[in-house]
Amino acid sequence: MDIKVIGHYTGRFGELWEQSLTDLIKEGVQGVLADAQIDQSEIEAIFVANKAGGSFNEQRHLGALVSEQFTHFPPAMRVEGACASGGLAVAAASQALMSGLYKTVLVLGVEKMTDVNTGEASAILATAASREKEYGSTFPSLYALLANYHMVRYGTTREQLSSVVVKNHRHALTNPKAQFRKEFTIEQVNQSPLVASPLRLLDCSPISDGVAAVILSSKPSSRRTQILGFGQGQDTLALMDRQDLSQLRASTNAMQQALSRAHIKLTDIQAAEVHDCFSIAEILATEDLGFFPKGEAAAAIESGKTTIGGKVIINPSGGLKACGHPVGATGVKQVAFLSKLIEAGQFDCAAAHNVGGSGATAVVTILGEKRS
Amino acid sequence: MKITEYWRSHQQWSKYLGQKGRVVATSMMEVAASDQSTLVPYAYVLVELEQEQGRISVMGAAGEQFMIGDQVELVLRKIKKEHQHEVIVYGLKATHLP
């Protein structure tokens, strides 16, 4: 696999009242072209990751909206896989490059979520669950079922859930693009309002606006980061149809595919951006991706094994929890953020893990230093 | 819920109504989507069915709290907040066995 990340850009995540969906797209395009230092005419195709512009912003046809930012109107398509849209767009772009159809493509993830109220946002996000089989649920409640099951089966504690939150907010302190650069204590998380028991407000990733973009190329480049491998797993849309509630099987399958394509071992991965839409989601991901055995991730996180100086650094950006979760942008941000760290020499190899719904779709992208 | 969606969903009632099962996971929801915003707090439960091979996830009956292992029955209850100009929307919910 010979795909380089020749440009990356992440805008500030948060409640960006002053910016429209189109403003965010313009920012992403301009930012990533400036980082790549290439002429816009070199972009041969565009992959746009967005979950619900039609619902949040009454704007569909986002491929055209991004393409018109270019004077040569490159072919553009929108990729949607709920919160995994970004990871899927990177995978689709990689496949297009591997096919030889294009040499240089743009992947742009964007979501503008804060123009609707919380109830409307919850309803829009819930459309990624099974409408027929999970009516009346919300995503916090679906992940709460997984948390409840994990706590009973493995003895995972309230404090261990909170330790995920505390770690990720601490990581976000050094990320200038993060929505929340603020530390919390275990007690503050434990005492935040219940959303869907056992998950509390501070267990949940926020509603966010944001854009992220990467330019991928199969041409020779002096940039340091390349995509070593990627994988995509699928499972049933509804939790009720899953064989095992203690695992998101799609994540495991995606990681196994990505490792196989990258020709590396799991122990080569030094850091990972994992899909911590809720605190329990990071515990599940840390186990399902293979970093720790089933039932042991919560204790590992609590004891500092997934922060700086630990076995593997999980969510150095602050994750979805503290960096923010503009859903279509999240998977692209993970790749952009890790590319930046690899270029800075902080890591040689890292993985991005992006999940759609309650685990029906998962994408893993392994990034590493370019091998000559 | 659209009326056509409601009509289709009611066809499932005869399959599940009165079925008994065991709670395998549960959550008490304090925040809900706009269709259920006036119904909170309510439970959301995953139930292992006795007769059918499989599970179902449903809202819990109003005012009831659940724990893993609780024995429940599927009943018809209101599942959406009411508007004066709409039909009352019923659906399957779980309630404790007496």
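What percentage of the 98 residues of chain B count as buried?

Modeller: This is a predicted model, in which local features need pLDDT of at least 70 and side-chain atom pairs count only at pLDDT 80 or more, while totals for chains, interfaces and linings use all residues. Residues are numbered from 1 along each chain as its sequence is written, and chains are lettered from A and ligands numbered from 1 in the order in which they are written.

In chain B, 33% of the 98 residues count as buried; a residue is buried if 20 or more other C-beta atoms, placed from the backbone, lie within 10 Å of its own. The C-alpha trace of chain B spans about 40 × 30 × 20 Å along its principal axes. Chain B contains two helices and five strands, in the order α-α-β-β-β-β-β along the sequence. Helices (H or I, at least four residues) and strands (E, at least two) are DSSP runs, numbered from the N terminus.

Contacts join residues whose C-beta atoms, placed from the backbone, lie within 7 Å. Among the contacts in chain B with a separation of 6 or more, 52% are between residues 24 or more positions apart.

The contact between the chains takes 26 residues from chain A and 22 residues from chain B. On the chain B side, strand 1 (20-29), strand 2 (42-49) and strand 3 (55-60) each supply at least two residues. Strand 1 of chain B gives the most, with five residues.

Technical notes:
Contact = placed C-beta atoms within 7 Å. Buried ≥ 20, exposed ≤ 12 C-beta atoms within 10 Å, placed from the backbone.
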